[in-house]
Amino acid sequence: MNLKILPSDRAQVYLLFYKPTAADPFQNKLVAQFDGPFCHVEMAFPEKYGEEPWEKRVWGSSIYQNETVFYKPKTYKRDGYVSYSIEVTGTQYHKIKSFCKQQTANNVGFSKLAMYAAYLPIQVYSTESTFCSKHVTTALQLGGVDIVKQLNPSLT
């Protein structure tokens with residue numbers, strides 16, 4: 001992750017896509033097989049910068065199978081992550097983070113059915129539960145990020 005200094009009214013959100021390795025569970029490999037090369041996505045919010053590991057603080061948000069949405073400190077040291085940064089306004093940044101924190105506080109759960117239904121050409125299933133790409137897309141849409149405004153989060 002390369003962090004850069006931005007004007008005070010701008011911020012960066014990182015989208016971290018995970019490409020499974022040979023040692024990953026079957027589920028990860030299956031997802032990557034259908035919509036590869038990645039099987040998972042998270043958002044990262046840098047809050048403290050520095051050259052040394054103890055000087056950096058990055059919060060991540062996503063959801064794993066059979067768990068609830070999280071918003072917690074992360075290191076992203078695991079091999080397989082590919083990071084893309086998007087620049088947003090300070091207002092967008094706070095809206096995106098607030099959504100992630102609220103989903104965590106609400107213990108929003110994972111839906112395997114919703115995840116598999118995302119592979120269909122039309123939305124046939126609706127639920128408040130989520131999966132990683134639905135969570136990330138919804139957060140970015142609520143933040144008013146243009147690159148995702150035309151997407152249906154339930155089909156990402």
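1. The side chains of K74 and E42 form a salt bridge, with N and O 3.5 Å apart; the term denotes a side-chain nitrogen of Lys or Arg within 4 Å of a carboxyl oxygen of Asp or Glu. K74 belongs to the loop between strand 4 (70-73) and strand 5, and E42 to strand 2, so this pair ties together parts that are 32 residues apart in sequence. K74 counts as buried at 18% relative accessibility, and E42 is buried at 0%. Here buried means under 20% relative accessible area, exposed means over 50%, and partly exposed lies in between (1.4 Å probe, protein chains only).

2. On the basis of the model: the structure is predicted, local features need pLDDT of at least 70, side-chain atom pairs count only at pLDDT 80 or more, and totals for chains, interfaces and linings use all residues. Residues are numbered from 1 along each chain as its sequence is written, and side-chain values use heavy atoms, with hydrogens and water left out.

3. The secondary structure consists of 4 helices and 5 strands. Read from the N terminus, the order of elements is β-α-β-β-β-β-α-α-α. These elements are DSSP runs numbered from the N terminus, helices being H or I of at least four residues and strands being E of at least two.

4. Of the 156 residues in the protein, 40% are buried. The protein exposes about 9100 Å², of which carbon and sulfur atoms supply 52%; accessible areas come from the Shrake-Rupley method with a 1.4 Å probe, and for residues only the protein chains shown count as cover. Among contacts with a separation of 6 or more, 59% are between residues 24 or more positions apart, a contact being heavy atoms within 4.5 Å.

5. How many salt bridges does a search of the whole structure find? The search finds 3. Side chains of opposite charge can pair when their charged atoms come close. One of the salt bridges joins the side chains of E87 and R10, at 2.9 Å from N to O. E87 is in strand 5 and R10 in strand 1, so the pair ties together parts that are 77 residues apart in sequence. E87 counts as partly exposed at 39% relative accessibility, and R10 is likewise partly exposed, with a relative accessible area of 28%.

6. E47 forms a salt bridge with K97, their closest N and O atoms lying 2.6 Å apart. This pair links distant parts of the chain, with E47 in strand 2 and K97 in helix 2, 50 residues apart. E47 is partly exposed at 36% relative accessibility, whereas K97 is buried at 10%.

7. The largest nonpolar core has 32 residues, of which V13, M43, F45, I96 and L140 touch the most other members. Such a core is a set of buried Ala, Val, Leu, Ile, Met, Phe, Trp, Tyr and Cys residues joined through side-chain atoms within 4.5 Å. Two or more residues of this core come from each of strand 1 (10-18), helix 1 (26-35), strand 2 (40-48), strand 5 (81-89), helix 2, helix 3 (112-117) and helix 4 (132-142). Apart from this core lies another, of 5 residues, including Y14, L16, A44 and Y76. Leaving aside residues up to four places away in sequence, V13 touches M43, A44, F45, Y84, S85, I86, V88, Y93 and I96.

8. Helix 2 (residues 90-105) has 16 residues and at 1.5 Å a residue should span 22 Å; its end C-alpha atoms are 22 Å apart, which agrees. The expected span is 1.5 Å times one less than the number of residues. Which residues of helix 2 are buried? They are Q92, Y93, I96, K97, F99, C100 and Q103. Seen down the axis of helix 2, the buried residues fall within an arc of 155 degrees, so they line one face of the helix; the arc is that of the directions from the helix axis to the C-beta atoms. On the other side of helix 2, T91 and A105 are exposed.

9. Most residues other than glycine have a negative phi, and most peptide bonds are trans. N66 has a positive phi of about 65 degrees although it is not a glycine; N66 is placed in the loop between strand 3 (57-62) and strand 4 and is exposed, with a relative accessible area of 64%. N107, also not a glycine, has a positive phi of about 50 degrees. N107 is found in the loop between helix 2 and helix 3, just after helix 2, and is exposed at 53% relative accessible area.
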